[in-house]
Protein chains: 2
Amino acid sequence: MSEPLGIALLGCGTVGGGVVQLLRNRSDHLARRAGRALELRHVVVRDISKQRSCDVPRGLLTTDLAKAISDSRVNVVVELVGGTTWAKDAVLAALAAGKDVVTANKALLAEFGTEVFAAAHHHGRAIAFEGSVAGGIPIIGVLTQGLAANRITRLQGILNGTCNFVLSAMTDDKSDYNTALAEAQRLGYAEADPTLDVDGSDAAHKLAVLARVAFDVAMLPKQIERRGIVDVSPLDIRLAGELGCVIKLIADAQLHDNELTLLVAPVLVRRGTPLADVAGAYNAVRVVGDAVGDTLFYGAGAGAMPTASAVVADIIDMAIGRAQATFKAMRLWEPTTGIRLRSNDDVVSRFYIRLTVADKPGVLAEASGLLAMEQISIAEVIQHEATNDGSTALAIATHLVPAGKLRAALDRINQSDSLREPAVYYAMGL
Amino acid sequence: MSEPLGIALLGCGTVGGGVVQLLRNRSDHLARRAGRALELRHVVVRDISKQRSCDVPRGLLTTDLAKAISDSRVNVVVELVGGTTWAKDAVLAALAAGKDVVTANKALLAEFGTEVFAAAHHHGRAIAFEGSVAGGIPIIGVLTQGLAANRITRLQGILNGTCNFVLSAMTDDKSDYNTALAEAQRLGYAEADPTLDVDGSDAAHKLAVLARVAFDVAMLPKQIERRGIVDVSPLDIRLAGELGCVIKLIADAQLHDNELTLLVAPVLVRRGTPLADVAGAYNAVRVVGDAVGDTLFYGAGAGAMPTASAVVADIIDMAIGRAQATFKAMRLWEPTTGIRLRSNDDVVSRFYIRLTVADKPGVLAEASGLLAMEQISIAEVIQHEATNDGSTALAIATHLVPAGKLRAALDRINQSDSLREPAVYYAMGL
């Protein structure tokens with residue numbers, strides 16, 4: 001058996017604790033899988049005296065990053081601090097010191113991937129990042145290896161466990177948004193400040209990483225149009241159910257003729273299709289390749305041990321040399337395919353529209369007339385009895401229409417006197 | 001960019017045709033993914049003059065295996081002939097000639113894996129076999145890499161597309177077995193002689209390969225208990241539906257305390273769980289790992305292009321050097337974990353029992369009495385009105401019970417005069 005692989009861990013929070021636990025309790029198993037021992041040499045933290053859930057031997061803890069990454073017995077630096085300031089400097093310093101890097105930092109890759117990957121190539125080092133997206137689901141390996149023979153044409157993911165938990169609770173338990181979010185926080189599925197989860201930013205960061213890997217396209221997360229789940233109402237969830245659908249926050253990438261559209265938004269997903277059944281805090285990624293056809297990959301999208309499973313898989317790949325070979329051959333984050341981003345206005349799908357209208361004659365005729373003016377034809381209509389305030393919800397499922405055209409029609413409809421509040425719309429089965 | 005990777009293809013049938021098509025039509029994309037060109041140098045076939053669906057340049061076709069594998073410009077030999085006679089000799093000859101081998105031959109690996117892998121190690125060569133199980137689903141990569149940090153505790157697969165198509169048709173279209181099988185044959189999902197599919201042998205071969213990889217356990221396919229789908233009746237499918245379940249042919253591996261149970265059998269899978277929704281000829285593999293938890297991998301389990309997707313992924317891994325590094329580090333097919341096989345008699349699950357009984361008083365009391373004698377308690381009973389011949393079907397869902405105990409109780413029940421035919425039983429939600 002070869003020399004042990006020396007590891008410096010940066011950060012010892014939730015995921016870091018899981019990694020320490022695997023490396024310490026599973027050493028024989030991991031050595032067999034890696035062909036050599038995996039040895040934790042340093043755990044770099046901000047405050048050594050802090051109480052931690054993970055069981056790190058005192059002697060390994062240090063606040064001295066420079067010492068850890070310059071140690072000649074360290075081969076791989078594992079960055080689990082997160083963020084794009086200290087973590088970025090630490091990763092660049094580790095690469096410059098001749099260390100390979102494992103990271104689960106989606107923000108760093110999505111925002112500064114070009115710079116970080118160029119530094120790795122410059123120093124002849126490798127970066128592995130299976131833990132950065134979809135927790136324990138080995139989706140990066142699937143895209144870079146298992147499906148490497150394919151041209152990927154579609155990628156759809158449920159990538160944010162908080163949003164999926166909240167929407168699932170609103171669907172299954174008839175909770176409202178705030179109750180469901182509070183329950184997610186109580187169970188540890190949502191942060192104290194869940195803004196970046198519920199507004200779609202976290203899913204957009206993850207989609208940015210997946211799109212780089214799947215499509216070799218040059219872009220930044222801010223270019224991804226996003227709508228969060230904050231405005232999804234129990235009424236929309238109920239009406240979606242009546243249309244045979246559940247509402248999911250979907251991160252979507254579609255390729256047509258070398259043009260890629262990217263979107264994060266709530267979508268009405270038809271019951272009985274695989275993404276509709278992804279429950280609670282689970283994640284799933286659907287990938288369509290031109291050779292393999294339709295595939296789906298499902299698992300825990302977050303949490304200490306599932307994400308540690310992905311991080312330690314990367315460490316094993318480094319020990320075996322697979323990660324380095326992949327990194328050198330694939331030249332990720334160097335766009336070569338000539339794929340361009342395209343506006344979502346041209347993306348064709350069916351849409352769900354909910355209009356809150358005055359309960360008086362002619363309202364449906366007016367709304368359908370305005371849709372007809374944009375050549376939008378109606379597949380299904382649901383109208384329930386008026387509520388106490390004299391308004392009624394009118395749910396319309398359209399046939400296929402480009403998003404831009406749908407939005408133009410809604411702009412007209414929103415000017416109607418019959419509307420009590422702006423029209424709500426979501427794509428169906430995007 | 002490095003030297004091209006030279007390839008000799010053995011066999012040019014359905015999957016071989018798909019591989020040729022990818023290598024020829026997708027050369028730029030593959031070269032980018034592999035870091036070097038992939039060049040097809042020989043296609044070894046039995047009869048050059050035979051008409052083929054695939055578009056192979058005449059000059060590449062040869063009947064001369066020795067010439068192809070001794071060509072110094074060939075690095076990788078891709079075996080797609082199948083079977084365990086000619087294919088085994090060819091693979092051993094290729095390894096002896098210093099070539100790495102890619103194969104999709106599950107029978108060869110399941111029956112002669114120990115010999116073939118030992119030869120590869122002896123000659124310092126590697127074998128990759130992503131295409132051998134579950135078609136386009138990259139499950140071998142998932143087990144050897146993506147989930148490598150885990151101790152796998154459970155593996156459940158829908159691994160035979162023919163059986164899943166037939167059972168899905170019997171469920172959705174209310175077809176009987178023969179009609180559904182004829183439809184599968186018409187659509188190309190079933191062979192002219194489907195015996196090895198419908199009797200569970202094909203799934204057992206695939207389970208044998210997966211179990212070797214996931215559990216490092218020494219065994220042969222003949223050690224896997226199997227029940228096919230031939231006896232599954234429309235009545236069982238209907239009664240399963242009334243119990244909230246669908247019947248699927250499941251290949252199952254469960255690890256408890258270093259003891260592994262392996263089984264291929266029809267199982268009542270609860271609706272709303274991921275395996276229940278695997279439709280038509282699709283495959284899926286559920287993997288439970290101690291760190292990652294529950295995962296599922298879904299895709300096309302057979303067919304020219306999905307399987308070619310897996311085979312070409314292996315070729316790319318060979319070009320990059322990942323497959324060789326994996327093979328050397330992991331020493332597959334060399335059992336080291338001390339896991340032993342255990343009889344299925346001890347596996348605890350709920351069971352579905354169908355009794356065809358005379359429609360007379362006391363029959364339910366007699367059956368439930370015999371179950372009670374083995375301490376088997378009943379969770380649910382369905383009894384429908386008697387048919388014209390005076391017999392009636394009694395469906396019983398039990399609480400948890402070891403399979404051996406259940407079978408002992410059924411042996412007693414089968415001796416009852418009230419029974420018109422032997423009791424039928426399947427595990428529920430195994």
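Strand E1 (residues 5-10) and strand E4 (residues 76-79) of chain B run parallel, paired over 4 bridges; strands are DSSP runs of at least two residues, helices (H or I) are runs of at least four, and both are numbered from the N terminus. Two strands count as paired if DSSP finds at least two bridges between them. Within this pair, B:Ile7 stands opposite B:Val76 of E4(B).

Please keep in mind that this is a predicted model, in which local features need pLDDT of at least 70 and side-chain atom pairs count only at pLDDT 80 or more, while totals for chains, interfaces and linings use all residues. Residues are numbered from 1 along each chain as its sequence is written, chains are lettered from A and ligands numbered from 1 in the order in which they are written, and side-chain values use heavy atoms, with hydrogens and water left out.

**The sheet of chain B**

- Six strands of chain B make an open, parallel sheet in the order E3-E2-E1-E4-E5-E6.
- Strand E3 (61-62) and strand E6 (127-128) of chain B are at the edges with a single partner strand each, so one side of each has no neighbour in the sheet.
- Helix H12 (residues 304-320) of chain B lies across E1, E2, E4, E5 and E6 of chain B and runs at about 160° to E5(B); axes are lines fitted to C-alpha atoms, for helices over the stretch in contact, and angles run from 0 to 180 degrees between N-to-C directions.

**Where the two chains meet**

- In chain A, 52 residues are in contact with 51 residues of chain B (heavy atoms within 4.5 Å).
- About 4300 Å² is buried between the chains, 54% of it from carbon and sulfur atoms; buried area is the accessible area (1.4 Å probe) that two parts lose on being put together, summed over both.
- A:Arg33, A:Ala149 and A:Arg322 supply 16% of the area that chain A buries against chain B, more than any other three residues.

**Links across the interface**

- There are 2 salt bridges between chain A and chain B (a side-chain nitrogen of Lys or Arg within 4 Å of a carboxyl oxygen of Asp or Glu).
- A:Arg26 forms a salt bridge with B:Asp290, with the closest N and O atoms 2.5 Å apart.
- Among the elements giving two or more residues to chain A's side are helix H2 (27-34) and helix H13 (322-330) of chain A.
- H12(A) gives the largest share of that side, 8 residues.
- Strand E12 of chain A pairs with strand E12 (residues 293-300) of chain B in the antiparallel sense, over 3 bridges.
- A:Tyr298 has B:Leu296 as its bridge partner in E12(B).
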